[in-house]
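Here is a short tour of one protein chain. Keep the sequence and the 3D view open as you read.

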Amino acid sequence: MDLIASFNSQKVGRFHFFLLHGLKKNDDLLFLFDTGAACPVIGVNNFFDKDEDNQIQKAFRHFLLSEVSSQGIISRPMKTANSQEVMTYPCLCHNVTIENSSKVEFYFDISFAEISIPLLGSSFIDDCSYSHIIDGNLNITGMKNNAGAKYYEGTKVLDFDTVVEKFESLN
């Protein structure tokens, strides 16, 4: 059964953002609604505040890279809006909420490149029904179960929750 949803974007200037909870412990991440991105993409740097301990960031990057390698997660290149190529790794996070909706499985790609803003891309957006009010917010009115999962079919994905739990147990 598809999830009937009703939540609005947060409009900042001309851009629409959605708040996702459950990717970064108890913190929220703002995702830019980006119909040009193939899939949701997050930079590892997006999980840390700029003033957080740099040693923890480095340790997490190193741990994440070792988990990607040990689990045989294959990288895939993505092109940015300025045609720069970045390598990403497919991931899955469980129990994520978008603007306080029901908890969902959230598929995304993570990159070690510096990414300024997490992107909510087409693989997810295409599985949503939404409307856009003139000069207003976007309103998501429905989502398929496992929105965005089809893009990841046949691809080995990293269980991001497990990686975070392992890392936290070591620190």
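Helices (H or I, at least four residues) and strands (E, at least two) are DSSP runs, numbered from the N terminus. The protein chain has 3 helices and 12 strands. This is a predicted model, in which local features need pLDDT of at least 70 and side-chain atom pairs count only at pLDDT 80 or more, while totals for chains, interfaces and linings use all residues. Residues are numbered from 1 along each chain as its sequence is written, and side-chain values use heavy atoms, with hydrogens and water left out.

## Overall build

Start with the whole chain. Its C-alpha atoms fill a box of roughly 45 × 35 × 35 Å along the principal axes. The radius of gyration is taken over C-alpha atoms, and the globule rule is 2.2 Å times the number of residues to the power 0.38. For 171 residues, a compact globule would have a radius near 16 Å, and the protein chain agrees, with 16 Å.

Buried means under 20% relative accessible area, exposed over 50%, and partly exposed in between (1.4 Å probe, protein chains only). Buried residues make up 47% of the 171 residues. Contact means heavy atoms within 4.5 Å. Of the contacts with a separation of 6 or more, 63% join residues 24 or more positions apart.

## Aromatic rings

Rings of Phe, Tyr and Trp (its six-membered ring) pair if their centres lie within 6.5 Å; planes under 30 degrees apart count as stacked, over 60 as edge-to-face and the rest as tilted. The count comes to 15 aromatic pairs. Take Phe31 and Phe106: their ring centres are 5.7 Å apart and their planes stand at 80°, so the pair is edge-to-face. Phe31 lies in strand β4 (residues 27–33) and Phe106 in strand β8 (residues 104–111), so the pair ties together parts that are 75 residues apart in sequence. Both Phe31 and Phe106 are buried.

Tyr151 and Tyr152 form another pair. Their ring centres are 5.3 Å apart and their planes are at 75°, so this pair is edge-to-face. Tyr151 is partly exposed, at 34% relative accessibility. Tyr152 is buried, at 3%.

Some rings gather into a cluster. One aromatic cluster is formed by Phe31, Phe47, Phe48, Phe60, Phe63, Phe106, Phe108, Phe124, Phe160 and Phe167.

Which residues does Ser123 contact, leaving aside its neighbours within four places in sequence? They are Ala38, Cys39, Pro40, Gly148, Tyr151 and Tyr152. Ser123 itself sits in helix α2 (residues 122–125). Its relative accessibility is 9%, so Ser123 counts as buried.

Now turn to Glu165, in helix α3 (residues 160–170). Glu165 is exposed, with a relative accessible area of 53%. Glu165 and Lys25 are 140 residues apart in sequence, yet 9.6 Å apart in space, C-alpha to C-alpha.

## Empty space

Rolling a probe the size of a water molecule over the atoms shows where empty space is left. On a 1 Å grid over the protein atoms alone, a cavity is a set of points where a 1.4 Å probe fits but cannot get out. A pocket is an open set with protein on both sides within 12 Å along at least five of seven lines, and lining residues have an atom within 4 Å of a point. Grid points are joined across faces, edges and corners, and a volume is the space filled by probe spheres set on the points.

The structure holds 1 cavity of 30 Å³ or more. The largest cavity has a volume of about 30 Å³. Phe7, Phe18, Phe33, Ile98, Leu120, Phe124, Ile125, Cys128 and Ile140 line it. Ala, Val, Leu, Ile, Met, Phe, Trp, Tyr, Cys and Pro count as nonpolar, Asp, Glu, Lys and Arg as charged, and the others, Gly among them, as polar. The cavity lining divides into 9 nonpolar residues, no polar and no charged.

The largest pocket has a volume of about 510 Å³. Of its 20 lining residues, the closest to its centre are Asp34, Lys79, Thr80, Ala81 and Leu119. The lining of this pocket divides into 12 nonpolar, 5 polar and 3 charged residues.
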